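Here is a short report on one protein model. Look over the sequence and the structure first, then read on.

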Amino acid sequence: MPQGRPPAPGGARTLRPDRARGRSGPRRTRREDGGVLQDVIDHLACPVCRFGLALAERTVRCPNGHSFDVARQGYVSLLSGPGAAGTADTPEMVAARERFLAAGHYAPLADRVARLAAELTGDARGLVVDAGAGTGYLLARVLDAAGPAATGLALDISKHAIKRAARAHPRIGAVVADVWRPLPVRDGRAALVTNAFAPRNGPEFARVLAPGGALVVVTPGPGHLGGLVEALGLLSVDQEKDRRLAASLSRHFTRISETAEEITLTLDHAAVEAVVRMGPSAHHIDPATLRRRIADLPEPYVAPGSFRITVWRPAR
């Protein structure tokens, strides 16, 4: 995206003050859908010049005049150049993920991560940054567990996912950003960074964490989805994933814990299709071929959900 004023992501409208009953404290600017953008604006950095940002009605602006329109759905795009469109989730992938997660299939995993996040943050007021937040499902669970003092910032390169994240929780501010690039977050602002099934940017995660902050990473285990991988021709989990995870973070972080979360997924054919279409295999398999293969499966199909949860502290 060129310097100066980027194109408005999907249109914009004026934000209005919060008039919710029983809310105390300073007057806040809120999106019409009830989510918070004002609460995270002081933590954000201009992707062009790295100065701080301010929110004025429907525009986010830095002191150097770079401005970014707030979309009608309440999110803002802070992409600093041409997005890596090939890596962004499509509308179909986002819809599949929302269906699958709404059915509760990954609820045990989300609850485990949320409890861990609450232990790491305690009762402290702080910012939780979800890098690669998708629809905001996990971040919403984390904020509920962390308590009312915590505020969430959802970052994802897919505007289709961020539209959902903007509505996922009243304390989530949603921003379109590329996790591979410098994050549009000011130094030392996050009490916690979460990263689930998403790219990892070790130097940037370390930069945005406050002293005492932590990073929680969720990756699929080697047995994730079991026999579905072969039966449907899906991408398999890289056997070197743990080694690559350590290599990507060890220069900037020290791993302090690692746990496994194993759950049983009981899936009808629609859920099988959703779990495939919401992930990277969606880019590699023809939808009609996928449906034919799913039709040959027993229903319901029982598959393992295998995950690794690691906690890291900055190596300072």
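A search of the whole structure finds three aromatic pairs. Rings of Phe, Tyr and Trp (its six-membered ring) pair if their centres lie within 6.5 Å; planes under 30 degrees apart count as stacked, over 60 as edge-to-face and the rest as tilted. Phe100 and Tyr106 make an edge-to-face pair, with 5.1 Å between centres and 80° between planes. Phe100, Tyr106, Phe197 and Phe307 belong to one aromatic cluster.

The model is predicted: local features need pLDDT of at least 70, side-chain atom pairs count only at pLDDT 80 or more, and totals for chains, interfaces and linings use all residues. Residues are numbered from 1 along each chain as its sequence is written, and side-chain values use heavy atoms, with hydrogens and water left out.

**Burial**

Buried means under 20% relative accessible area, exposed over 50%, and partly exposed in between (1.4 Å probe, protein chains only).

| Residue | Relative accessibility | Class |
|---|---|---|
| Phe100 | 1% | buried |
| Tyr106 | 7% | buried |
| Glu262 | 49% | partly exposed |

Of the 316 residues of the protein, 53% count as buried.

**The sheet**

The protein has ten helices and 13 strands. These are DSSP runs, numbered from the N terminus: helices are H or I, at least four residues, and strands are E, at least two. Eight strands form an open sheet with mixed pairing, in the order 6-9-8-7-10-11-13-12. Strand 6 (76-77) and strand 12 (253-267) are at the edges; each has a single partner strand, so one side of each lacks a neighbour in the sheet. Helix 3 (residues 107-121) packs on the sheet and touches strand 10 (190-196), strand 11 (209-220), strand 12 and strand 13 (301-314). Contact means heavy atoms within 4.5 Å.

Two strands pair if DSSP finds at least two bridges between them. Strand 8 (residues 150-156) and strand 9 (residues 172-176) pair in the parallel sense over five bridges. Gly152 has Ile172 in strand 9 as its bridge partner.

**Glu262**

Glu262 lies in strand 12. Which residues does Glu262 touch, not counting residues up to four places away in sequence? They are Gly305, Ser306, Phe307 and Arg308. Glu262 and Gly305 are 43 residues apart in sequence, yet 5.7 Å apart in space, C-alpha to C-alpha. The Glu262 side chain makes a polar contact with the side chain of Ser306 at 3.1 Å. Another polar contact, of 3.1 Å, joins the side chains of Glu262 and Arg308. A polar contact is a pair of N or O atoms within 3.5 Å; within protein, one must be able to donate a hydrogen and the other to accept it, and residues adjacent in sequence count only if both atoms are side-chain atoms.

Definitions and conventions:
Axes fitted to C-alpha atoms, helices over the stretch in contact; angles between N-to-C directions.
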